[in-house]
Every structure is written in structure tokens, then in C-alpha cells.
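Please work through the two exercises below with the sequence and the coordinates at hand. Each task is followed by a stepwise solution.

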Amino acid sequence: MKTWFVIGLGSALIAMAASADEAAVSYRTQLQPIFNAQCVYCHVTGAENGGLNLARVSSHASLVGTASNESPLMRVTPGQPDKSYLWHKLNGSHVSVGGSGNAMPMSDPPRLLEPAQRALFKAWIEAGAPNN
């Protein structure tokens with residue numbers, strides 16, 4: 001009986017780990033499409049507002065571990081959304097951390113990304129901001 005319990009517990013742990021891996025946010029397939037739809041028209045080569053290029057080939061390097069031009073924070077500090085300027089810009093709390101300008105994405109009238117989209121960014125930063 002103990003053997004079946006150990007095998008069952010081991011199988012459950014493996015299934016949980018697989019679920020966690022499946023739930024990981026993909027930068028390329030989940031976040032980059034948001035940048036493509038909402039941000040690149042102002043943040044691409046030749047029009048890099050804030051010095052931030054969000055075009056597919058350079059967006060990750062432009063964000064992760066890179067100092068912000070508008071705030072004392074890094075644009076993205078892996079594992080720390082509250083210390084990531086991108087997180088504050090997406091939530092409209094950027095001024096409270098020494099930032100400036102508008103919340104992102106910029107629109108008229110102003111509106112933030114949907115809560116589910118912002119949750120993806122937060123989960124990605126919390127997971128270490130991988131280039132996956």
C-alpha cells in the first residue's frame with residue numbers, strides 16, 4: 001500500500017510540475033503580440049519614444065535589465081514587478097516611482113490594457129522575464 005501511495009504522489013507531483021510549465025507566460029507568443037498590436041507604432045526603429053524599441057527582434061533586450069529613460073527603475077527587473085518601470089507604466093502608477101509621461105499604451109481617451117493582459121506581464125516578470 002505504501003508503494004502505491006509513493007507512486008501516486010510522485011505522479012501527482014510530476015503532473016503539477018507539467019501544469020506549471022504549461023502555464024508559463026511565453027514572451028514570444030503572448031507578450032510580443034500585445035506589443036505588436038498596441039505599442040510598436042510608437043516604439044520601433046526610427047520612432048523609439050523613450051528610447052524603447054519594442055520591435056520583435058529587439059524588444060526583450062530593450063526591456064530586461066535596461067535602465068529606464070524616465071524613471072530611476074530598470075525597465076524590467078526580473079522577478080520584481082514592483083521594481084519594473086514597465087509594470088508601473090502598464091498600471092498607470094509610473095509617476096509614483098519617479099516616472100513621467102502617460103500610462104501605456106497611450107490612447108485617447110486614456111485606457112490601460114485589459115486586466116488579463118496586465119496579469120500576463122506581471123506573471124512573466126515574476127518568473128524572471130525569460131526570453132521564451
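The model is predicted: local features need pLDDT of at least 70, side-chain atom pairs count only at pLDDT 80 or more, and totals for chains, interfaces and linings use all residues. Residues are numbered from 1 along each chain as its sequence is written, and side-chain values use heavy atoms, leaving out hydrogens and water.

**Exercise 1.** Describe the surroundings of H43.

*Solution.* 
Step 1. H43 belongs to strand β1 (residues 43–44); strands are DSSP E runs of at least two residues, helices H or I runs of at least four, numbered from the N terminus.
Step 2. With a relative accessible area of 11%, H43 is buried (buried is under 20%, exposed over 50%, partly exposed in between; 1.4 Å probe, protein chains only).
Step 3. Beyond its neighbours within four places in sequence, H43 contacts E48, N49, L52, N53, L54, A55 and M104 (contact means heavy atoms within 4.5 Å).
Step 4. A polar atom of the H43 side chain lies 3.1 Å from the backbone oxygen of L52.

**Exercise 2.** Determine which residues of α5 are buried and what they pack against.

*Solution.* 
Step 1. The buried residues of α5 are R118, F121, W124 and I125.
Step 2. Seen down the axis of α5, these residues fall within an arc of 120°, so they line one face of the helix; the arc is that of the directions from the helix axis to the C-beta atoms.
Step 3. The buried residues of α5 pack against α2 (27–38), α3 (59–63) and α4 (85–91).
Step 4. On the other side of α5, P115 and A116 are exposed.
Step 5. Just after α5, G128 has a positive phi of about 100°.

Note on methods. Polar contact = N/O pair within 3.5 Å; in protein donor to acceptor, adjacent residues only side chain to side chain.
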